[in-house]
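Visitor: I would like a quick tour of this model. Please take me through the packing first, then the backbone.

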Amino acid sequence: MGRIRDALSPRRWNLAEQRRRFIVYCLLIESVAVAGTVTAAITVPTRTRDIVVFLALAGLGVLQAELGRQVERVRRLVSDTPHINLTSVWTFAGVLLLPPALVTALIVILYLHLATRSLYRIKKVPPFRVVFNASLVIVTCHATQFVMARTGIPTLYAALGDVWPGVGVIVLAAAVYFLVGAVTVLPGLKITTRSFAALFGGWGDNVLEVSTLCLGVLTALALGTLPALVVVVLPPLLLLHRVVLVKQLEDAVVTDEKTGLFNTTGWHKLATRELARAQRRPKASFGVLMVDLDLFKRINDTYGHLAGDAVLRAVAGAIRGEVRDYDSVGRFGGEEFLVLLPDVPERGARAVAERVRAAITRLEVSVDVSGQPDVITGLSASIGVATYPHAGTALDRILDAADSAMYQAKAAGRNRVVSVTDA
């Protein structure tokens, strides 16, 4: 109890250390959540049946969280999307069955349990983030119930009496729940330093969210018709949890943690596959770019390593913005990046390299230095270009050629592109 009490102490709530715009947004969302709950508590009556359903959903939610606690802890280590979790099964079922005030109470119980039993123990997630994420869910649930009320079918009970329109309203509710949850997170793209992928999650996170909404519908149907059957939701839910974890672990093995790009292992695996494909096709070609940031050590020395990490993420985004969706971008280590360009001849690879170089020079990276906002500009990169088969027919030879060309770009004055054929 002492550890939990210490974790929830206001002294540990480092919201004041966040960016001002983020603080304002947190307080806005929390105010809307509180105002909506108070208004609903006054205007929407609560029946005895609602209390029973509320207790069932809260109990099942806590039970599922306890049974899947170890899996969720591991999942959180490889996925930084705290707004996406299995609680949607219970909260969406609550949206379909409960008055708004009891939905809020359900969310408070589930997130308090999640924070004290999973999140805080893994990453020391500050309480302000838990409160903010819970408030986002409350606002999402209230918005969904508002839309349902406007259709004339405010609950699943009403939907059971009007089958096909009821089905349409439930599908609409699921779509609104998903979209409002995404939209309320969206401002974080501008007011935090987290990336788009970190906020919205990857394939596994979003499949998990959609699947939990589907299970939430089944949970509500069971509680609204044959309540004893609600327990059959738990086994597939726990299995889904493990399946998503396996996929995220597979992704984590080949992903660079700082930038979200492929790591050396992941990029090398894709490049080896592309080389084998090219060797089976006459006149096939592909390009490799070796991108090295110029004078990156100065950034770390001047602004600090956290600012350096922000620059690496910005450069990663700039590179991805200048290549095709099916090109492979990886972080080779430190401030070096690799780009694999399938079916691109030398001239095309050099053109891509020039676009990447120009994009990096245009970057303006917002950072915090000793609590004060600052902007890093004047970035540049030296890029070496090598293509198959001119630079070699083995992957190591091609990489060596691109690396040598990159060092020639450095020696020639930096901020330029050098191809193997320039040597």
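Guide: Y25 counts as buried because its relative accessibility is 14%, where buried means under 20% relative accessible area, exposed over 50% and partly exposed in between (1.4 Å probe, protein chains only). This is a predicted model, in which local features need pLDDT of at least 70, side-chain atom pairs count only at pLDDT 80 or more, and totals for chains, interfaces and linings use all residues. Residues are numbered from 1 along each chain as its sequence is written, and side-chain values use heavy atoms, with hydrogens and water left out.

Visitor: Which ring forms an aromatic pair with Y25?

Guide: Rings of Phe, Tyr and Trp (its six-membered ring) pair if their centres lie within 6.5 Å; planes under 30 degrees apart count as stacked, over 60 as edge-to-face and the rest as tilted. A search of the whole structure finds three aromatic pairs. In one of them the centres are 5.9 Å apart with 70° between the planes, so by the cut-offs it is edge-to-face. The partner of Y25 is F132.

Visitor: How many residues apart in sequence are the parts that this pair ties together?

Guide: Helices (H or I, at least four residues) and strands (E, at least two) are DSSP runs, numbered from the N terminus. Y25 belongs to helix 2 (residues 20-43) and F132 to helix 7. The pair therefore ties together parts whose separation in sequence is 107 residues.

Visitor: Is the pair of F286 and Y388 stacked or edge-to-face?

Guide: F286 is in strand 1 and Y388 in strand 6 (residues 381-388), 102 residues apart. Both F286 and Y388 are buried. Their centres are 5.3 Å apart, with 5° between the planes. The pair is stacked.

Visitor: Is T91 buried or exposed?

Guide: T91 is in helix 5 (residues 88-97). Leaving aside neighbours within four places in sequence, T91 is in contact (heavy atoms within 4.5 Å) with L106, I107, L110, V137, C141 and Y177. Its relative accessibility is 0%, so T91 counts as buried.

Visitor: How far apart in space are M290 and A402, C-alpha to C-alpha?

Guide: M290 sits in strand 1 (residues 286-293). M290 counts as buried because its relative accessibility is 1%. M290 and A402 are 112 residues apart in sequence. In space, C-alpha to C-alpha, the distance is 5.7 Å.

Visitor: Which residues does a cis peptide bond join?

Guide: Most residues other than glycine have a negative phi, and most peptide bonds are trans. Here, a cis bond has omega of about 5°. P389 lies in the loop between strand 6 and helix 18 (395-411). The cis bond joins Y388 and P389.

Visitor: What is the phi of D343 near?

Guide: D343 lies in the loop between strand 3 (336-342) and helix 17 (346-361). D343 counts as partly exposed because its relative accessible area is 41%. Its phi is positive, in a residue other than glycine, and near 55°.
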